[in-house]
Amino acid sequence: MSAATKAIEAGQIWTFPGGIHPPERKELSNQTPIAPLALAQEYYLPLKQHSGAPGELLVQVGDQVKAGQALTQVGANNGLPVHAPTSGTITAIGPGIIAHPSGLADTVITITADGNDEHIALEPLADYTQISRADLLERIKNAGIAGLGGAGFPTAQKLALQRPLDYLIINGVECEPYISADDRLMREHAQTIIDGTEILLHIAGCEKALIAIEANKPEAIAAFEALLDKHPQLALRVVPVKYPSGGEKQLIQLLTGRQVPSRGLPIDVGLVMQNVGTAFAVAQAVLQGKPLIERVVTVTGENVEKPGNYWVRLGTPVAYLLEQCGFKPEPDQRVIMGGPMMGFTLAELAVPVVKITNCILVPSSQELAPAQDEMACIRCGACADVCPAQLLPQQLQWLAKAKDYDGLDQQNLFDCIECGACAYVCPSEIPLVHYYRKAKAEIRNIAREKAKAEVARERFEARQERLEREKQERLERHRKAAEARKKAQAEAVAQGGDNPQDAVQAAIARAKARKAAQAAAAQQENKEGDDA
Amino acid sequence: MTFKIAASPHAHQRRTTQQVMRWVYLALIPGVLVQTYFFGFGVYVQLALALLTAWVAEGLAMRLRGRPVAHAWQDHTAIVTAVLLAISIPALAPWWIIVMGTAFAIIVVKHVYGGVGQNLFNPAMAGYVLLLISFPVQMTSWPIPNELAQLQVSISDTVSLIFSGFTQAGYNVEQLRMGADGITMATPLDSLRNDLNHQLTLSEALSKPIFDDLAGIGWAWVNIAFLLGGLVLIKQKIISWHIPGGMLVGLLVPAAIYWLFNPDQAITPMLHALSGATMLGAFFIATDPVTAATSNKGRWVFGLLIGFLVFVIRTWGGYPDAVAFAVLLANMTVPVIDKYTQPIAYGHGGRS
């Protein structure tokens with residue numbers, strides 16, 4: 001065993017550069033158990049709630065569905081299914097608002113609930129070790145499970161990468177302020193999370209899992225400590241409170257001292273990471289056959305009367321969720337999906353809760369003051385000091401403003417994890433992350449345009465080549481035909497036949513004679529006129 | 001109902017540029033008080049003149065550039081420039097010295113280069129160097145510490161001196177600078193430089209009354225007061241320790257080595273540390289974020305370079321003190337330092 005592995009086994013916690021300590025404000029929502037939410041009347045289910053293509057549609061308008069029934073099925077390009085959150089009728093399938101910062105529409109299935117909440121029959125599995133790994137993956141895929149931590153990467157896809165693994169890391173850090181969904185889930189369902197972790201280990205063919213929890217969640221830590229004695233494959237790691245210690249790359253650095261290579265994946269360094277919520281969902285899917293139709297959502301902020309954590313069916317409109325929690329909007333209210341550091345604001349509340357929605361934050365303007373005017377950068381370097389990716393945020397900002405895309409690439413813009421630490425500390429209140437996102441989008445667009453232009457160029461060149469070839473062929477054909485004609489003529493003359501050239505000459509002579517005769521006649525007439 | 005759209009992060013640490021700048025000039029207060037105690041009230045007149053000039057110059061420059069004037073006043077960077085320049089020049093220098101220096105610092109050094117955040121050179125130090133080169137007599141006529149002075153200068157005398165060049169009783173600055181022996185008293189560094197250049201040994205040079213204290217009467221305490229203010233800035237995380245640390249190491253280590261080999265002919269490390277503008281320079285001037293290197297490693301290199309240049313100029317150069325020159329020279333190297341001290345980004349082969 002190498003020294004590095006020994007240190008990991010011994011429970012060493014490394015550190016990562018930068019990071020910040022914003023007010024945590026978790027006590028606002030983590031005091032009460034996760035509560036059920038009354039059923040809504042309508043649910044909006046975007047076909048695509050994960051990173052990958054949407055699944056293939058299985059239903060049509062007018063169909064009656066039951067809770068847990070698949071509305072789409074596994075499709076190409078990581079297509080994951082979505083399931084009906086409750087029983088009811090499909091009343092529309094078409095464009096609708098989705099939970100995305102762009103506010104753009106995507107295909108959404110609308111279900112009008114019948115209020116009976118009838119579920120499909122589940123197929124529990126007594127012993128998952130008895131069925132094949134491929135079948136287990138299929139089960140997870142069919143349950144529609146994508147990473148519940150935020151990125152929404154299909155879980156089965158992550159597990160299917162057949163590469164040697166040192167550790168499975170279960171991420172219960174939840175470093176983003178305000179959010180306590182994972183905290184409450186860990187306190188209340190530690191055993192299910194452990195079951196899920198063991199299933200994940202089994203599927204990944206991995207020996208050991210590290211469960212990481214931030215030090216500010218003593219109850220969750222205690223819940224796991226009480227159970228882990230019976231699970232030698234699992235080890236608990238308590239990480240110090242610092243944002244963004246729950247970021248995938250940062251947590252890997254904290255627990256193993258390793259760094260995921262730029263543009264690489266954790267599996268490149270022998271690791272795979274899953275969120276605690278995902279582990280919970282995997283346990284439910286494999287052991288009980290339950291598809292992913294609900295998740296824990298933190299509803300918090302000073303502008304809701306009943307902040308806390310709720311079991312929310314996927315597809316529940318944010319408006320309904322907030323209404324149930326006693327939403328008291330103020331003028332210029334911001335409704336944030338996600339946390340205060342990385343969440344995005346919603347313009348409209350018809351947006352549904354989806355697989356990756358962990359928090360709805362409705363802050364008052366006292367607790368999270370709106371952004372001030374951007375001032376000039378004073379190069380103080382506070383941003384560079386807090387950047388966990390060791391980038392130079394102020395340099396990136398100058399380059400992004402100058403649209404110097406090559407410079408941005410040299411400064412590793414794409415290694416930015418958009419954690420927002422730089423913008424958090426900036427004394428000039430420069431919305432740094434906003435500039436980076438914009439630059440990234442522009443660079444991606446340019447790359448896309450370039451690829452498109454490349455295809456167009458190739459097509460154009462192929463066409464030009466074809467036209468040229470056709471022209472040459474045509475000329476060649478004409479040339480050959482003319483030659484053949486001449487040859488045939490020459491042969492005809494040689495054999496004593498009429499030379500067509502003679503007929504032409506004769507015709508010309510006839511025409512000349514006629515013209516001469518006409519001219520003579522005209523002269524004669526003129527003369528007679530004069531005489532008269 | 002539609003809701004407000006904003007870019008993440010939505011949380012923000014409320015420490016604005018204005019607050020950062022306010023900390024900087026508040027941390028200067030101990031130094032200014034000690035300076036007043038030893039060198040009289042002139043520094044307040046200089047401060048008032050500098051602030052007024054900075055205010056007008058900033059407004060004028062912003063108006064000429066077609067930018068919002070109030071915006072520039074708000075960030076308080078001009079205040080810091082004005083304060084630093086006012087406390088760097090001799091307290092009894094004529095009024096037009098500080099007015100010219102401040103106006104040059106704000107209009108030319110700062111705004112001609114594009115305003116706050118864009119200037120290559122530290123405005124206060126560029127203003128200082130302009131004055132030092134153009135008006136060497138006025139700029140080196142430091143009043144002598146009160147306890148050595150033959151004549152005490154009242155507030156009204158101070159104002160009169162700065163605006164007319166004479167006290168109400170008709171003395172000029174030169175006369176006021178005479179010690180008991182009738183010889184004009186230089187600052188400790190100036191005096192040492194002259195004496196060492198005239199082949200005196202260190203102990204002979206140090207026998208002058210101005211060295212009756214730790215490292216020159218008054219000057220040592222002024223430096224200690226700036227050091228305290230600087231430590232507050234580090235504690236408050238307004239500045240990082242890398243630049244002051246680097247500058248002191250860069251100055252004192254070569255100074256100590258040189259002194260060990262030339263005990264009779266070198267300025268002692270203690271004198272280097274506690275005279276001239278050492279502490280003011282290390283904690284308040286070199287740390288100007290706009291003109292300094294940005295990574296911690298870069299800051300350390302930047303500080304070392306300034307310290308070493310101060311040592312070189314003080315030892316072999318033509319001027320008694322060197323902080324302003326050293327800072328400006330180091331300012332020029334910042335892009336290069338930044339380029340070669342860039343941290344290795346996550347996932348690019350760096351070690352954890």
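**Exercise 1. Find out how many residues of helix α16 of chain B are buried, and name them.**

Solution. Start with helix α16 of chain B, residues 278-285: this helix is mostly covered, with eight of its eight residues buried. A residue is buried if 20 or more other C-beta atoms, placed from the backbone, lie within 10 Å of its own; it is exposed if 12 or fewer do, and partly exposed in between. Next, read off the names: B:Thr278, B:Met279, B:Leu280, B:Gly281, B:Ala282, B:Phe283, B:Phe284 and B:Ile285.

A word on the ground rules before you go on. This is a predicted model, in which local features need pLDDT of at least 70 and side-chain atom pairs count only at pLDDT 80 or more, while totals for chains, interfaces and linings use all residues. Residues are numbered from 1 along each chain as its sequence is written, and chains are lettered from A and ligands numbered from 1 in the order in which they are written. Helices (H or I, at least four residues) and strands (E, at least two) are DSSP runs, numbered from the N terminus.

**Exercise 2. Describe how α17 and α18 of chain B pack.**

Solution. First, the geometry: α17(B), residues 296-316, and α18(B), residues 323-340, pack at an angle of about 145°, with axes 9 Å apart. Axes are lines fitted to C-alpha atoms, for helices over the stretch in contact, and angles run from 0 to 180 degrees between N-to-C directions. Then look at the residues that meet: B:Phe302 and B:Leu305 are among those from α17(B), and B:Leu329 and B:Ile337 are among those from α18(B). Finally, sort the contact by class: 15 residues are nonpolar, two are polar and one is charged. Here Ala, Val, Leu, Ile, Met, Phe, Trp, Tyr, Cys and Pro count as nonpolar, Asp, Glu, Lys and Arg as charged, and the others, Gly among them, as polar.

**Exercise 3. Work out the strand order in the four-strand sheet of chain A, and say which strands stand at the edges.**

Solution. The open sheet runs β2-β7-β6-β4, with antiparallel pairing. β2 (42-46) and β4 (64-65) are at the edges; each has a single partner strand, so one side of each lacks a neighbour in the sheet. Two strands pair if DSSP finds at least two bridges between them. Now zoom in: β2(A) and β7(A), residues 105-113, pair over five bridges, and A:Tyr43 stands opposite A:Ile111 in β7(A).

**Exercise 4. Do likewise for the six-strand sheet of chain A.**

Solution. The order in this open sheet is β1-β13-β12-β16-β14-β15, and the pairing is mixed. Its edges are β1 (35-36) and β15, each with a single partner strand, so one side of each is left without a neighbour in the sheet. β14(A), residues 336-337, pairs with β15(A) in the antiparallel sense over two bridges, where A:Met337 has A:Phe344 as its bridge partner.

**Exercise 5. Count the residues that bring chains A and B into contact.**

Solution. Two residues are in contact if their C-beta atoms, placed from the backbone, lie within 7 Å. By that rule, 54 residues of chain A touch 33 residues of chain B. On the chain A side, α7 (248-256), β15 (344-345), α13 (421-425) and α14 (432-494) each give two or more residues. The largest share, three residues, comes from α13(A). By class, this side has 32 nonpolar, 15 polar and seven charged residues.
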